[in-house]
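Subject: The model, and notes on what is in it

Dear colleague,

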Amino acid sequence: MKKLQGNIIAKVCAWIVLLAAALGAGVFGVRAVLSFQSVTADSWQSSGRFYSALEDRRQEVCDNVYLIWELKRVENRIKAGTDDAMIRADAEGFREAIASAEERLSRENTWFRFRVLSEDDETVSGTNLGEGESMLRAVKEICRYSFELPENGVYYSYFDYHGSNPNPELAAGEDAEAAQPLRLVLEYGVPEEADGSIQDEFYQMKQLWEIDRANFDEYLTGFLNLGALALLALIWILWTAGHKAGEESIVTTWQERIFFDLYAAVMIFAAVWLAFCTVWAAEQLYWGQSYAVRAENFELFFNLGVMGAAALFAAGAACGTLLLRTLAVRIKARCLGKTTLLCRVVGWTVRTVHDFVRFLPFTWKLVLGFGAYVIFTFWLIQVGRYDGIFMLMYFCLQLALLLFLSWWAYGYHRLRKGTKTIAGGDLEYQIDTKHMPYDLRLQAEDLNNISVGLAGAVDEKMKSERFKAELITNVSHDLKTPLTSIINYVNLLKSTEQSDPKAVEYIEVLDRKSQRLKKLTEDLVEASKASTGVLSVVREKIGMGQLIDQATAEWEEKLTDKKLSLVTTLPEGETWVYADGRHLWRVLDNLLSNCAKYAMEGTRVYLDLERGKGQVALSVKNISREPLNVPAERLMERFVRGEESRSTEGSGLGLSIARSLTELQGGSFDLAVDGDLFKAMVTLPQAN
Amino acid sequence: MYTILICDDDRDIVSALDIYLTSEGYQTIKAYDGREAVRAAETHEIHLILMDIMMPELDGIRATAKLREGSNVPIILLTAKSEDTDKILGLNIGADDYITKPFNPLEVIARVKSQLRRYTALGGAEKGPGLITAGPIAMDDGAKVVTVDGEPINLTPIEYNILKLLLSHPGQVFSSAQIYEQVWNDPAYGSENTVAVHIRHLREKIEINPAEPRYLKVVWGLGYKIEKGA
């Protein structure tokens, strides 16, 4: 099938078949048209052609009557004595003409029958009817023709086919009245049974009519069959149009590069013109038949004429086929719109206007839109004050405006809802921008993009958090493993006998430092975890009194060892906060451990708990052993300690960890340094 | 004579542990990754396994899971991972105890002893009418004797009463005030702060590492409890 579609020979054959079939259909068509009247009419006499021939004969009779009348005038003038060669020659010429006309009009030479009567139908001044033959019997239908022979040579005439009385008023002119014209009536007609005994044009006409009548069915069948064949060829051409052997896609030719509307205009013009030509040619043939029929090689000329008309028809069909073919190719290649000038122009205009309106700043849109609305409304009111249709248009306009505003409002509502959802944390949410006003859609799309970007950022953050957590775990593992060996082997060394007392001392240092390293590593990991937020926080309602109680129990002994006394002040009843107990314990643990490390011996450590305004504040106060030569903020930084020397235990991470942990639980951590007074304050939201 | 399988990818740690455990009179088998440990456990009679978590080939968690398929030998995980989730995962997968690195050798020995005692105790003490147990802790209320892994410990009457209260309600958290009211039979008017001190002492007697209790847990800000099913 595909192969057949691309076959060039099949295509050429199809064209040849189309043209031949169109030509043949043209021939049969023209003949069918020419013979059409013969089947519709009952008599061969009811054709225009017959009337035309009849009128020609009538004219001949009229002319003859006129000639007779002229001759009479000339003879009168000769009788009156005006006698010269010119007039005689005239008279002679008239006589000859009359004689030849009478010969032609004689009943032996024509089937035409006539009778010239005076105005009152009394006197017959000329006829070719036989003796006792009545006009009514002789012809199929009597035609009547009235005419006048005025003195001045101008005569008026009118037809009266149906034999009613002539109406003199209609013909009467001022001059005619003055000239007292002679009125005559001509009755004429042709018998139905015009047979071969007289071979005049009427006989020919009848013969033709009979042949036509006999052949019409044949012509029509021929036309229909060949037309169907041409149609099949056309379908084949349209089906194969644009296909070419060895090409997958539709192939366009130079014809498809011409704008379709221009091409169509030319082709339609050509086809219509050719159709008119065909009709014209057929008409010529129809009328010409009646004359040419008498010519010797009539048959040949007639056939040539028919062929010519058919060729015109075929050419028109070819034009139409070419147009349909390119249309088919364009539709198949989906480029009809693109190759149509009108489509392009309209498309370009629409696009330009659309883009202009679209990219107009919103404010301008509003101003211009409102302006146009106001002007249109005013115009409508002005025009429609007394006009119902305009009032109806006004209401329609208002309704359209209402719909437009509703559309906007609905779009805005969706945008608002989507924004709210995204703001509520659902970053995956995408606002549906279908059927949204352009300006809102822009906004919605941007929001969607933001939410996508945000979701990505959140993802990225999660990833980085996981990475951090993994890093901390790995680093802590890599630090702790060798440290484990160090501690273990130092321990082993300690248990061995050492002869050198210095060695014992060195081992002691190693032990101390390895313990410090252990503490430092643990703190470091914890500090990193706390500050990166990797730690999980489970906040629940916990009692601060209970916690302080537990913490003091842990630390009381160690503080007492350092000669520090702990003074705890708690409010009446239990104080509840929302916090993670383990983390809060670590905060308190670090603060108390700080006291144990840095507070001056023999002083008091104050632990106060206060409630108020939905907050709970826990403060730890102590007197520093060393002067605190750093500002409070610096103390919270990592690896910063209140004293310069680093000989004492402690990593310098305690306060940093405490702050991070407090903040993780939604609290705040503050330090204050007032001389040697060191004060740390943890503030947490109170729970009811 | 107990055989202990030591497994860690760090050879120095393995040999240090080997020295400590050998000096305590245990026989040791060394392995340097999880696969080796599993193989060694199949070929030898092992009484206890000390195993690192982060190891090549087969990590400690998976090795534990594999070992648990056919044996209930005590497994103590050595972990540098200080994440709670890792510990919980290790215990859920079938480990009996865990020690965080860097560890104190004395703690290791204490835990090894504790696990071995529990593992080899033949059915444990007779479950008398007055016997309350939780993990290694057993309290004979009739004889007023408390043992941890079979070792009797000395408790003051207050400590004994506190422990009895907590033991008889495992998993339940008691605040200091509640404990005071139950043990002292007095309403608590701010005098409950002594409870915390008593419990700290109690913890020191029961726990191997009181700073990281396994059985008598401090629920910070809420109170104390005995771990359920410990």
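P102(B) lies in the loop that runs between β5 (97-100) and α5 (105-120) of chain B, and the peptide bond that joins K101(B) to P102(B) is cis, with omega at about -5°. Please bear in mind that this is a predicted model, and that this bond, like everything below, is therefore a feature of a prediction. As background, most peptide bonds are trans, and most residues other than glycine have a negative phi.

R334(A), in the loop between α12 (298-332) and α13 (341-359) of chain A, has a positive phi of about 50° although it is not a glycine; R334(A) counts as exposed because 9 other C-beta atoms lie within 10 Å, where the cut-off for exposed is 12 or fewer. N185(B), which is not a glycine either, has a positive phi of about 60° and sits in the loop between α7 and α8 of chain B. With 8 other C-beta atoms within 10 Å, N185(B) is likewise exposed.

Which residues of α7(B) are buried? They are S176(B), A177(B), I179(B), Y180(B) and V183(B), and because they cover an arc of only 160° around the axis, they fall on the same side of α7(B). The cover over these buried residues includes α18 (544-561) of chain A, and also α6, α8 (193-206) and β11 (223-226) of chain B.

Of these, α6 can be described in some detail: helix α6 (residues 157-168) of chain B packs with helix α7 (residues 176-184) of chain B at an angle of about 115°, the two axes being 10 Å apart, and the crossing is right-handed. On the side of α6(B) the contact is made by I158(B), N161(B), I162(B) and L165(B), and on the side of α7(B) by I179(B), Q182(B) and V183(B). Sorted by class, the residues of this contact are five nonpolar, two polar and no charged.

Elsewhere in chain B, M51(B) is found in strand β3 (residues 48-52), and M51(B) counts as buried because it has 26 C-beta neighbours inside 10 Å. Leaving aside neighbours within four places in sequence, L588(A) is in contact with L547(A) and A551(A).

Finally, the contact between the chains takes 30 residues from chain A and 26 residues from chain B, and the side of chain B that touches chain A has 14 nonpolar, six polar and six charged residues.

Technical notes:
Residues numbered from 1 in each chain as written. Chains lettered and ligands numbered in written order. Predicted model: local features only at pLDDT ≥ 70, side-chain atom pairs only at ≥ 80, totals over all residues. Axes fitted to C-alpha atoms, helices over the stretch in contact; angles between N-to-C directions. Helix = DSSP H or I, 4+ residues; strand = E, 2+ residues; numbered from the N terminus. Left-handed = near helix turned anticlockwise from the far one by under 90°. Contact = placed C-beta atoms within 7 Å. Nonpolar A, V, L, I, M, F, W, Y, C, P; charged D, E, K, R; others polar. Buried ≥ 20, exposed ≤ 12 C-beta atoms within 10 Å, placed from the backbone. Arc of directions from axis to C-beta.
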